[in-house]
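Hi everyone, thanks for coming.

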Amino acid sequence: MSAVSPAGPSRLNVDRRGQLVEATIEVIYRDGLSRLTLAKVARQAGLSTSIVNFYFKTKEQLLLETLQTVSQEYEAAVDKAFESSSDPVETLKALVDAMLDPQLCTPARAAVWYAFMGESQARADYSGAVRVRELAIRQRIEGLFTDLFSEADASVSKRSHAIPLARALDALIDSIWEQSVMEPDMLDLDHARKICLDYLASVLPEGLDTSIGTPSGNPTSISKDISEGMLSAWTYTSTELYELEMAELFRREWMLAGHIADVSAPGDYLTLELGPERVLVMRDERHQLHAFHNVCRHRGSRVVPKSQGNCGHVMRCPFHGWTYRLDGRLKSVPRLPTFEGLDIHQQGLIPLELEVWQGLVFIRFEAGGEPVAKQLEVIEERVGNYRLADMISLGEASVSEVSYNWKFFHDVDNEGYHVPSAHPALQELYGRTYRDDLIGGISVSTGVVDDHPSTSWSVARYKSLLPDAEHLPAEARRLWLYFGIFPNAVIYFYPEKAGYYMTLPRSPNVTQVVSREYGLPDPSRQVRAAQYLSGRIDTLTSQEDNALVQWLQEAAGTSVFPLDNLADIEAGVLQFHRRLKQKIPVMGRCRPPVLGTLAKDNQELQAGALA
Ligand code: FES
Ligand SMILES: [Fe+2]
């Protein structure tokens, strides 16, 4: 029979050794490294010197183990922060939390750290634990800053700030550790943490987004299961989420509805279907534009039936004939006396907010918030060059109904990494210069049409025919330019025309893709030829993209989705997902909430983010 189990002595050893290490930390803090003796450590630990000698033959052994313990605690905290998220911003926040954890950033531990750091210049065995590790951590912070400044829309000169700004964070954290030794009574770690986060907010390219989840290192039950990366598969199929997207996104954000050229005369109208909603844009006799729910106030019929047309002087509901003026007021009701107490002055069409920006018509279901012009002001000057408001339609809108979730379309469209592989014609057109950027929350993609020979007939002819658009600045005369308007639209500008395309969700797995082109009036033959040829290139590109979107949809059905292996130049995809999660935090869930709880879960996450 054995006196102790095999695990007994080693556990006992670890506890006793740990006790001695803790005592050593206290002695170093109190007396300094040079005045430490094993006898002092024994007294501090409440043990005899012979017990200390039993575990540590020399003072040096005890000091090395103490250094390794503190160093490993430090390194483990850093590792945990780096493993907590694939998002560099979240990792930086987690790192600040870890470094200023009250269990780690104590006066005694900080004193030990600096005592050994002072000695490390002359001691190679200390140097390995202290200086090398310090440098490695600094390099990891520099790596995070470099990533952030590379993926953001930062100029080359701004990118060069990444390393100095990273070192300043490192120095800021060091200064807090120093204060914990020098002025422990003055140090407020919560305040120090806030200073670090304020610093990050002021220097990071996109600030410090604190709107998703709870502070890192301080998880609550509702922040479990939240992904910082790509959206999970359920977000593309959930009917509950689709309804929440309608409420939180499509009814709240500005939605592109068309161009003023499509509703230029009194009685001209456009309609739009967005999920269950029906929208009507109408020009009245005073040439004012209005947007309404395309829902009759009698029993809900569509007031105008087609996607575009002219209704003359009034809108007449096809169901029972209620008639509305072009400004939405109810004009007449057949057999009015048979309606008890119906006040026709109170029964006009229900209006929506409308704003025209650079000739484009935007509508919004829920009034309030920033105007379109404010949201898009960062691109206003650039768009202004194209005289979009003077353009006329080059044809009817192209509308196709596809069997995939609307977000898949943008997952493909939000990055140009696939251009060389999936779009040979586009690659030949401008692939050598294609790039994606983010300016003030708007994704901007550009490609300059080059002079290289092309195997594609359309591309070769386009390159040779492309007219010199004199109304444009020189740098735009061979430029294809796209602006992504969150959440569902892209407006684009080529030298010879402009246009938009957008997704209009109809259900979780059915989406309308709508596009339309515009050009300046009285185009030359050369411009018309270029418009025709770029149209052929666009048609081919959208067919190629459609196949990619279908394959992405298939991938989401497999058990390996989502796949997070994104290149730097696919940052637009992640950015799109981040913005969705900012608006609808529950979209960050790795697994779908229990049926019937999604909206409530989202509310709680929103409340947690605001707290
Ligand atoms: S539903 Fe429009 S008139 Fe009856
Ligand atoms: Fe594409």
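Let's start with a counting question: how many disulfides does the structure hold? The answer is zero. One thing to keep in mind before we go on is that this is a predicted model.

Take C105 as an example. C105 isn't part of any disulfide, and the nearest cysteine sulfur belongs to C196, 9.8 Å away. A disulfide needs the two sulfurs within 2.5 Å. Now, is C105 buried or exposed? C105 has a relative accessibility of 4%, so it counts as buried, because the cut-off for buried is under 20%. C590 is another story: its relative accessible area is 35%, which makes it partly exposed.

Okay, let's zoom out to the domains. The domain assignment gives us domain 1 at 58–208, domain 2 at 254–365 and domain 3 at 378–557. If you take the centres over C-alpha atoms, domain 2 and domain 3 sit 31 Å apart. Those two do touch, with 18 residues from domain 2 and 21 residues from domain 3 making the contact.

As a bit of background, nonpolar side chains in soluble globular proteins tend to be buried together. Here, the largest nonpolar core has 91 residues, and V281, Y462, W480 and F483 have the most contacts inside it. Where does this core lie? Both domain 2 and domain 3 give residues to it, so the core lies between them. There's also a second, separate core with 65 residues, including L36, L47, Y74 and M99.

Last stop: helix α14, residues 406–413. Have a look at how covered α14 is: eight of its eight residues are buried. Among them are F408, F409 and V412, but also K407, D411 and D413. So what covers the buried residues of α14? The list includes helices α11 (239–250), α18 (525–556) and α19, plus strands β16 (489–493), β17 (498–507) and β18 (510–519).

Let's pick α19 out of that list. When two helices pack, we describe them by the angle and the distance between their axes. For α14 and α19 (residues 571–583), the axes come within 8 Å and cross at roughly 145 degrees. On the α14 side, the contact uses W406, K407, H410 and D411, and on the α19 side V573, F576, H577 and L580. Sort the residues of that contact by class and you get four nonpolar, two polar and two charged.

That's my tour, so over to you for questions.

Terms used. Residues are numbered from 1 along each chain as its sequence is written. Chains are lettered from A and ligands numbered from 1 in the order in which they are written. This is a predicted model: local features need pLDDT of at least 70, side-chain atom pairs count only at pLDDT 80 or more; totals for chains, interfaces and linings use all residues. Side-chain values use heavy atoms; hydrogens and water are left out. Axes are lines fitted to C-alpha atoms, for helices over the stretch in contact, and angles run from 0 to 180 degrees between N-to-C directions. Helices (H or I, at least four residues) and strands (E, at least two) are DSSP runs, numbered from the N terminus. Contact means heavy atoms within 4.5 Å. Ala, Val, Leu, Ile, Met, Phe, Trp, Tyr, Cys and Pro count as nonpolar, Asp, Glu, Lys and Arg as charged, and the others, Gly among them, as polar. A nonpolar core is a set of buried Ala, Val, Leu, Ile, Met, Phe, Trp, Tyr and Cys residues joined through side-chain atoms within 4.5 Å. Buried means under 20% relative accessible area, exposed over 50%, partly exposed in between (1.4 Å probe, protein chains only). Domain bounds come from an automatic or database domain assignment.
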